[in-house]
Amino acid sequence: MKLLKDLVVCVIKVDYFMYDDKTDSEYTEPHYLAIDTEIKNKNGEPMNLLIFKKEITEDIRIFYSHKEAVQYIAEHSALRTPCYGENVRVVKIKYNFKENKWEEV
């Protein structure tokens, strides 16, 4: 039996395009794929929008295997040819109970 302290899951990470007004330059920052279910369509149903977060939060899209995450990328054209970033990849994370936060492994 796998204990929670040993649980490793996968998430999708992207180098998100950013713009600095002060220097008038572009750069990238790593962000994690999350799902926003708060926004509703005209019928009141959640739209499940793909969003990106700088930190690993409770709404990050978690996969229980690398294969599952790769398949998710393959099924979503917005992740295969992103206009918001580059270097779409799957990374493994584990919860650090001592620090009380998720960390990449």
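I looked up the accessibility of Tyr16 in this predicted model and found Tyr16 partly exposed at 26% relative accessibility. Buried means under 20% relative accessible area, exposed over 50%, and partly exposed in between (1.4 Å probe, protein chains only). Phe52, at 16%, counts as buried.

I noted the conventions: residues are numbered from 1 along each chain as its sequence is written. Local features need pLDDT of at least 70, side-chain atom pairs count only at pLDDT 80 or more, totals for chains, interfaces and linings use all residues, and side-chain values use heavy atoms, without hydrogens and water.

Rings of Phe, Tyr and Trp (its six-membered ring) pair if their centres lie within 6.5 Å; planes under 30 degrees apart are stacked, over 60 edge-to-face, the rest tilted. The Tyr16 and Phe52 rings have centres 5.6 Å apart and planes at 40°, so I recorded this pair as tilted. Tyr16 lies in strand E1 (residues 8-20) and Phe52 in strand E3 (residues 49-53), so the pair ties together parts 36 residues apart in sequence. Strands (E, at least two residues) are DSSP runs, numbered from the N terminus. The rings of Tyr95 and Phe97 have centres 4.9 Å apart and planes at 70°, so that pair is edge-to-face. Tyr95 is partly exposed at 23%, and Phe97 is partly exposed at 49%. Tyr16, Phe52 and Tyr84 form one aromatic cluster.

Finally, I checked Asn96, which is found in strand E4 (residues 85-96). Leaving aside neighbours within four places in sequence, Asn96 is in contact (heavy atoms within 4.5 Å) with Lys101 and Glu103.

Methods:
Helix = DSSP H or I, 4+ residues; strand = E, 2+ residues; numbered from the N terminus.
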